[in-house]
Amino acid sequence: MLFRSNIFVEGYIATDDLDLVNDIVTKGCMLDMAEQMQERTIKLDFEHESMRGDSELDRQLNKTINPVAKIEDFSMDKKGLKIKAKLNRHTPRFNEIKNSIEEGFLDAFSIAYIPTETKDDFRNGQEIRLLDKVNLLNVAFTGTAINPKATIEKVFMKSLAFLEDQKGVLKKPKPDRKSTRLNSSHIPLS
């Protein structure tokens with residue numbers, strides 16, 4: 001049997017906490033991002049490398065970088081917008097990314113977006129930008145998050161071999177008690 005495991009990472013890509021550049025992602029914005037994730041698969045990279053470049057040509061070429069993960073599932077709770085991402089086993093950087101996450105060097109998420117609806121507010125004498133709607137471009141694994149609460153919460157492995165074994169266990173036929181009793185009562189005595 002072929003043994004293959006998938007590595008999943010869970011955590012918060014957005015919370016309504018004040019970040020280090022005085023932005024707050026509102027609950028409405030998180031719901032909007034969740035709708036975007038329903039419409040298309042959002043990919044993850046390392047430190048937004050697919051968005052960077054010194055020239056327009058570099059930026060266009062970097063858009064073709066193989067993603068290191070993709071969002072498989074997401075949910076909202078009182079803390080924020082939480083995702084479950086599956087690491088890409090086929091990227092040459094798989095072990096680097098996986099080990100960096102497991103050892104806590106990459107311990108957070110960062111979102112790349114274009115703001116489409118914002119409001120300015122003042123809190124505790126500071127001007128803050130409230131993000132009400134954004135065009136979510138991608139999500140990145142990072143070790144230096146702008147939102148310190150956008151953290152990786154859990155890393156886990158699911159083995160396909162284990163799942164296949166479980167399917168076999170669940171599909172084993174149960175003995176039919178009626179037919180067992182009938183057979184035992186019809187045993188010839190001589």
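## Val-21 and its loop

Val-21 lies in the loop between β1 (5-15) and β2 (23-25). Strands here are DSSP runs of E, at least two residues long, and helices are runs of H or I, at least four long; both are numbered from the N terminus. This is a predicted model: local features need pLDDT of at least 70, side-chain atom pairs count only at pLDDT 80 or more, and totals for chains, interfaces and linings use all residues. Residues are numbered from 1 along each chain as its sequence is written, and side-chain values use heavy atoms, leaving out hydrogens and water.

Why does Val-21 count as partly exposed? Its relative accessibility is 48%, and partly exposed covers the range between buried (under 20% relative accessible area) and exposed (over 50%), with a 1.4 Å probe and protein chains only.

## The whole chain

The chain has five helices and eight strands. Their order along the sequence is β-β-α-β-α-β-β-α-β-β-β-α-α.

The chain holds 190 residues, and 36% of them count as buried. Contact means heavy atoms within 4.5 Å. Take the contacts between residues at least 6 apart in sequence: 71% join residues at least 24 apart.

## Confidence

pLDDT is the predictor's confidence in each residue, from 0 to 100. Its mean over the chain is 84, and 78% of the residues reach 70 or more. Over residues 169-190 the pLDDT is below 50. That stretch has zero contacts in the model beyond near neighbours in sequence.
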